[in-house]
Amino acid sequence: MLKLPVYMDYHSTTPVDPRVLETMLPYFSEKFGNAASKNHSFGWNAEDAVAKAREQIAQLISCNTKEIVFTSGATESNNLSLKGVAGMYREKGNHIITAVTEHKAILDTTKRLEKEGFEVTYLPVGADGLIDLETLKAAITPQTILISIMLANNEIGVIQPVAEIGKIAKEKGIIFHCDAAQGVGKIPVNVDEMGIDLMSFSAHKIYGPKGVGGLYVRRKKPRVRLSAMMDGGGHERGMRSGTLNVPSIVGLGEACAICETEMEQENLRLAEMRNKLQNHIMSELDEVYLNGHPEKRLAQNLNISFAYVEGESLMMGLKEIALSSGSACTTATLEPSYVLRALGVGSDLAHSSLRFGLGRFTTHEEIDYVGKRVVEAVNRLREMSPLYEMAKEGIDLKSVQWTEH
Amino acid sequence: MAYSDKVIDHYSNPRNMGSLDKKDKDVGTGIVGAPECGDVMKLQLKISGGVIEDARFKTFGCGSAIASSSLATEWVKGKTIDEAFQIKNTEIVNELNLPPVKIHCSVLAEDAIKAAISDYKKKNEA
């Protein structure tokens, strides 16, 4: 039985998996100890639980358990990485390289660092959403101390060539940070093979609780040091003070363990459903465009622009489906998606985009329903669209003198 | 964003959606907005003896833009050109309970009425 509304916004957040919740519950009540209490069993129990979570995470990303710092989520991990490296390595250089399609948690942080005297290069991306490695190499200067490139993009799902970036960073002795909030738990990650020195991740994107995440910090070759943002009890090897959020950390660990076990099968299932949805939409509608690289992307992502209809009104017509749009009208800034604009997608098509995010609890029935409803809603709005009418009359919309407002 | 019931009603049941023959001497067509800005409105008025007999719209834009133009067609029908010219965007804002970020939708609707009237006048100058 199809249950409405349908949730198809898994890039935004995910529900806590019941199995994850189950493991968390005792740590709110009977096992409530402080992991930093070294003198009694309450503390030891908590410490053991945190140690287990570290192992589960280390297993998933192939690192040492001592290389994991718990934070409140990927935004904090990104801030800590960038500001921490900037603070610690300032003597060495003042240049940072990142990309225009990074998450705001990176871009707003680099903006702040620029005000503090750092030079930041924002690499462009191609029409497929990927950075160019030669452009990256050319951007490196003797002053470069950090390269920060995401693993998978939150809007269009494209997967950057992280292993190649890691190799370039290593050759030049530059620290490489990777925002993997959308990648960890979804695609295989091996920090050594990928040459990653710092990596941000989050629990709530992978069926864990909100408000907890982590930062991988390389300990050997090179040993990465960070200046802390939070002063306090010196938790997490001094990089992030504050009493550990034990129940959430337990949840993060369990979420990682489940992802590791189920990833391969789950990716096949998601890709099949995603492709079905894509084919359904593309075969029944003309002038729809896939945003981002057609292959190098997450199996759960589908980002499509529907020419001649506006994203917000489209979502209004699909109100029983939870989706995101690149339309300006859906944001506080009244600007269409900067990610889509960076791909060279025109403002008109950026306004017309929908992001479908599939996940663990998405069913084939939901996919069929969403496909059918999207086609209906687009057709209805095109019927109502003066642009569609003009295009059908053969008028080149680019040649029209519009009244900008 | 939460929409008012009236916006939802116009979005779900648009009034006078469609097109009139733009070559007809009695039809004035106004197209305002730009695709890059996320909204374009086309408003057409069929005018006879200075009175608006019929109106049609097509809109590319958010729900508020669609509702504003749908409402505009309802309001202009039966009005004289001069009366229609007096319709203010603030009246549309009030009727539809548009939030501040959507006021530009009502401005666009007012502009569309004026653009359609002036197109009609230009056509009939000669």
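Predicted model: local features only at pLDDT ≥ 70, side-chain atom pairs only at ≥ 80, totals over all residues.
Helix H3 of chain A, which spans residues 74–88, contains Ala74(A). Ala74(A) has 28 other C-beta atoms within 10 Å and is therefore buried, the cut-off for this class being 20 or more. When neighbours within four places in sequence are left aside, the contacts of Ala74(A) are with Ala105(A), Asp179(A), Ala181(A), Ser200(A), Phe201(A), Ser202(A) and Gly213(A). Between Ala74(A) and Pro247(A), by contrast, the separation is 173 residues in sequence and 18 Å in space, taken from C-alpha to C-alpha.

A further sheet of chain A is open and consists of four strands in the order E9-E10-E13-E12, with antiparallel pairing. Its edges are formed by strand E9 (288–290) and strand E12 (324–325) of chain A, each of which pairs on one side only. Helix H7 of chain A, covering residues 246–284, packs on this sheet and touches E9, E10 and strand E13 (353–357), while its direction makes about 10° with that of E10(A). The antiparallel pairing of E9(A) with strand E10 (residues 301–306) extends over three bridges, and Tyr289(A) has Ser305(A) in E10(A) as its bridge partner.

For chain A as a whole, the secondary structure amounts to twelve helices and 13 strands. The radius of gyration of chain A is 22 Å, which agrees with the value near 22 Å that a compact globule of 405 residues would have. Along the principal axes, the C-alpha atoms of this chain fill a box of roughly 75 × 55 × 35 Å. Buried residues account for 51% of the 405 residues, and 73% of the contacts in chain A between residues at least 6 apart in sequence join residues at least 24 apart.

Chain B contains five helices and three strands, and from the N terminus on its elements follow the order α-β-β-β-α-α-α-α. The three strands form an open sheet in the order E1-E2-E3 with antiparallel pairing, in which strand E1 (27–34) and strand E3 (51–60) of chain B are the edge strands, each pairing on one side only. Neighbouring strands of the sheet are turned against each other by 15° on average, with direction ignored. Strand E1 of chain B and strand E2 (residues 39–48) run antiparallel and are joined by eight bridges, and the bridge partner of Val27(B) in E2(B) is Lys46(B). Helix H5 of chain B, formed by residues 103–123, packs on the sheet by touching E1 and E2, and its direction makes about 140° with that of E1(B). Helix H2 of chain B, formed by residues 63–76, lies across E2 and E3 and runs at about 175° to E3(B).

An unreviewed UniProt entry lists residues 2–125 of chain B as "domain: NIF system FeS cluster assembly NifU N-terminal". This span is 45% helix and 23% strand, and its end C-alpha atoms lie 45 Å apart. The radius of gyration of chain B, 14 Å, agrees with the value near 14 Å that a compact globule of 126 residues would have, and the C-alpha trace spans about 50 × 30 × 20 Å along its principal axes. Of the 126 residues, 51% count as buried, and residues 24 or more positions apart account for 62% of the contacts in chain B with a separation of 6 or more.

The contact between the two chains takes 22 residues from chain A and 24 residues from chain B. On the side of chain A that touches chain B, helix H8 (311–316), helix H10 (347–351) and helix H12 (386–392) of chain A each supply at least two residues. The residues on this side of chain A divide into ten nonpolar, seven polar and five charged.

Definitions and conventions:
Residues numbered from 1 in each chain as written. Chains lettered and ligands numbered in written order. Pairing = 2+ DSSP bridges. Contact = placed C-beta atoms within 7 Å. Axes fitted to C-alpha atoms, helices over the stretch in contact; angles between N-to-C directions. Rg over C-alpha atoms; globule rule 2.2 N^0.38 Å. Buried ≥ 20, exposed ≤ 12 C-beta atoms within 10 Å, placed from the backbone. Nonpolar A, V, L, I, M, F, W, Y, C, P; charged D, E, K, R; others polar. UniProt positions renumbered as here; feature names shortened; annotations may be inferred.
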